[in-house]
Number of protein chains: 2
Amino acid sequence: MSTVDSTLTSFIDIASDSDFSIHNLPYGIFSNTADGKRRAGVAIGEQVLDLAVIEAAGLLSLDGGPYFDKPTLNAFIDSGRDNWTQARKTIQMLLSSDNDALRDNQDLQKKALFQQADVTMHLPVQVPGFTDFYSSKEHATNVGTMFRDPSNALLPNWTEMPVGYNGRASTVVVSGTDIVRPSGQLKPNADDRPIFSACKRLDFELETAFVVGKGNDIGQPIAVDEAFDHIFGMVLLNDWSARDIQKWEYVPLGPFNAKTFASEVSPWIVTMDALAPFKTACPTQEPKPLAYLDEKATDNSFDINLSVELLPEDNDSATVVCETNFKYMYWSMAQQLTHHTITGCKVEVGDMMGSGTISGPTPDSYGSMLEITWNATKPVTLTGGATRSFIEDGDTVIMKGYSEKDGIRVGFGEVRGKVLPAIQFNFDK
Amino acid sequence: MSTVDSTLTSFIDIASDSDFSIHNLPYGIFSNTADGKRRAGVAIGEQVLDLAVIEAAGLLSLDGGPYFDKPTLNAFIDSGRDNWTQARKTIQMLLSSDNDALRDNQDLQKKALFQQADVTMHLPVQVPGFTDFYSSKEHATNVGTMFRDPSNALLPNWTEMPVGYNGRASTVVVSGTDIVRPSGQLKPNADDRPIFSACKRLDFELETAFVVGKGNDIGQPIAVDEAFDHIFGMVLLNDWSARDIQKWEYVPLGPFNAKTFASEVSPWIVTMDALAPFKTACPTQEPKPLAYLDEKATDNSFDINLSVELLPEDNDSATVVCETNFKYMYWSMAQQLTHHTITGCKVEVGDMMGSGTISGPTPDSYGSMLEITWNATKPVTLTGGATRSFIEDGDTVIMKGYSEKDGIRVGFGEVRGKVLPAIQFNFDK
């Protein structure tokens, strides 16, 4: 990874606490015209740079292009690391104070720069596959303590492999998508039959997801020391969960309806190049992983501050209910990707791989309401006095994330979703 | 559904035991040229009718077309039921003895008809999502008896919902694809740590899968009495499974690496229109399902004969190890699809939904080696004297399926996969 020039500045006015400094340059897909035409952009301060316009103007020429006048980033990502590097270098140069190509061209600026507040963001990639891991030891321990056995909370396979399961790619949605409260089978009383009902224990899960940038052939696992090169970038992920549906359905084949109604992601993909200055080590892995999971690299994680806020409909101010950090994750993204492919499973460009709920060591760093309220036994009090055990209709859940070091800030923006009331069903025939 | 004219004959010579009678007309994607160009065809007897050629000749004009000079069937399927009906009617007419358009045009026949033996079949659809259900009561009972509690083999949720889980769409492969024996974590000894090894208990699962023909919007469940209209057709599915990997990994989030290395399907999609004459009832459901799963229709299943053959590499003749029937499935495809979408989960055209292993009531009708050999305690003897507990390197697994009634036969052909030895890994650094 290249070293970072912290003296680099942009001719665009960027607040010092902006997630979107010139060191970040995350990619997204946006539209701002009546026809809703989607194209690629990069976030810079409070603006978005239209890469389709920049490319058409001849200022961003990549091998095999054009790539940016398209409704997803898949083709650009699939074009490979050389292009990722070239694009980042070129865009950073175009936005820098020292370069006049865009700085002194007011016409081009009018065509290529928009306020983020004026555009609509879309899913940045077409997502062929969505996988969710379960790689926070604190989260797995909390769940095991609550639902299985406090003295034996972690299952024996947990410290041996990054446990994961297949999610549903069709319902990966972008930040800002309203979430209809799901309905399904619940079993409130152990002795009675289940009932059909709206979910009563709707929860968020604070996660990140990485975006696969390079796939593999079926039957050809990705070696753990090469896995990092297969990752393009990261997003924030709210893996919406219906705890009561989950509890009744998940044995023996795992969560299904409890998770497949929506997995909401932030719109900007922060690249691994932008995150490189914030590398850090995963927690010590004991026992030492089996050879196929044993990474040479020790700086295989990232220092990313994460938070969750709750905003009830009738309230002006959100309440922070969780502050944690990605660095608590026990298993690295490289280990996750290698484990995913070790049997020969194929992964594809645009696949998203969720981290699993990211909980830290203390109750104020737990990444789900299930843990924060300890299964509704300790409701949280919000600004204004309302309390919450789980998420109620009208509530908006906002997740944020950023890295900061030596005066450089690289952030994700947010993933924000509001819960709408459940559908009223009528099964009369 | 239209009634069937059993007197209908084709000018093409079709054996009486052919799966591909004029009453069937299943859709597939094939290539037979050096450039590997893929296009749509219909199987008829031992031949395939090139629909791209027929369409270009002006003999198959559908609203919104052309549809068939494409590498997948998704666009045709997505064009809707009216086109499905029109295409079937037109193709059946073109192939009938009474119609001269193709019968008397030798030039067109040369361009449009190929021997199946001379073409390569491909995946018929691009598969956005793959879901696997677990809807055979006999299979779930057998597994529960072996691994949990014989006196309480079925878990309590099993009779209340069609239990299912998300699979991996990227590794749905077409019949004829060789399967590399997967490697991963096994735990042979309860007291020791797991080991990294090639799978020692490789198994098949005899299944069918239905292909979604009409999706839904996120947040909008598909009502059970409308679900059948969302299904385009069916294929055979061998859901390859690594039992030893599965056993160690699957608690608590379900099967993952044990299943994601390959799910192999037959190349021809048999339409629900072709299967209509073979409708039959599901087994009685007790307790009566909750209202959202309570179907009006009683002929919600199909009488489809299914079999599995094993062919060792050094043997000339395959041995039938299972004969069963789709009609044993407890939950209907309509119930599966409704349950899948009840929380608002979106399904898409081309999605495949596996039935789960289809086991019948007797040991010779069990749909996996796990059940047939009762977890390797009763190995099967093959023609020639070899025995098998699970699938060995070089073995080919062949699944077949057909319906037959009143002189009409509608079959699936086969799904066939051969097992190759595991990769030799070297983790020295």
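Predicted model: local features only at pLDDT ≥ 70, side-chain atom pairs only at ≥ 80, totals over all residues.
Residues are numbered from 1 along each chain as its sequence is written, chains are lettered from A and ligands numbered from 1 in the order in which they are written, and side-chain values use heavy atoms, with hydrogens and water left out.

Chain A contains ten helices and 26 strands, where helices (H or I, at least four residues) and strands (E, at least two) are DSSP runs numbered from the N terminus. Along the principal axes, the C-alpha atoms of chain A occupy a box of roughly 75 × 50 × 45 Å. Of the 429 residues of chain A, 61% are buried (buried means under 20% relative accessible area, exposed over 50%, and partly exposed in between, with a 1.4 Å probe and protein chains only). The accessible surface of chain A is about 16,100 Å², and carbon and sulfur atoms contribute 47% of that area; accessible areas come from the Shrake-Rupley method with a 1.4 Å probe, and for residues only the protein chains shown count as cover. Among contacts in chain A with a separation of 6 or more, 72% link residues 24 or more positions apart, contact being defined as heavy atoms within 4.5 Å.

Chain A is divided into domain 1 (27-122) and domain 2 (130-420), with bounds from an automatic or database domain assignment. The centres of the two domains of chain A, taken over C-alpha atoms, are separated by 30 Å. Their contact involves 17 residues from domain 1 of chain A and 16 residues from domain 2 of chain A.

Strand β2 (residues 39-44) of chain A is mostly covered, with six of its six residues buried. In a regular strand the side chains alternate between the two faces of the sheet. In β2(A), A:R39, A:G41 and A:A43 point one way, while A:A40, A:V42 and A:I44 point the other way. Strand β1 (residues 27-31) of chain A runs antiparallel to β2(A) and is joined to it by four bridges, with A:F30 partnered by A:R39; two strands are taken to pair if DSSP finds at least two bridges between them. Four bridges also pair β2(A) with strand β3 (residues 47-50) of chain A in the antiparallel sense, and here A:I44 has A:Q47 as its bridge partner. Two residues lie between the strands of this hairpin, in which A:G45 adopts a positive phi near 55 degrees.

A further sheet in chain A is open, with five strands in the order β9-β26-β25-β20-β21 and mixed pairing. Its edge strands, β9 (179-180) and β21 (319-325) of chain A, each pair on one side only. Strand β25 (residues 396-405) of chain A is joined to β26(A) by ten bridges in an antiparallel arrangement, and A:S403 stands opposite A:V410.

The largest nonpolar core comprises 75 residues, and those with the most contacts inside it include A:F204, A:M234, A:W240 and A:I391. Such a core is a set of buried Ala, Val, Leu, Ile, Met, Phe, Trp, Tyr and Cys residues joined through side-chain atoms within 4.5 Å. Strand β26 (residues 408-420) of chain A gives the most to this core, with five residues. A second, separate core of 74 residues includes A:W248, B:F133, B:I304 and B:I391.

Helix α9 (residues 333-341) of chain B is largely enclosed by the rest of the structure, because nine of its nine residues are buried. Elements covering α9(B) include β6 (130-133), β13 (206-212) and α8 (272-275) of chain B. In chain A, the buried residues of helix α6 (residues 137-147), among them A:H139 and A:M146, pack against α10 (369-372).

By contrast, A:L59 counts as partly exposed, at 27% relative accessibility, and is located in the loop between α1 (51-56) and α2 (74-78) of chain A. Beyond its neighbours within four places in sequence, A:L59 contacts A:I54, A:T90, A:L94, A:A101 and A:L108.
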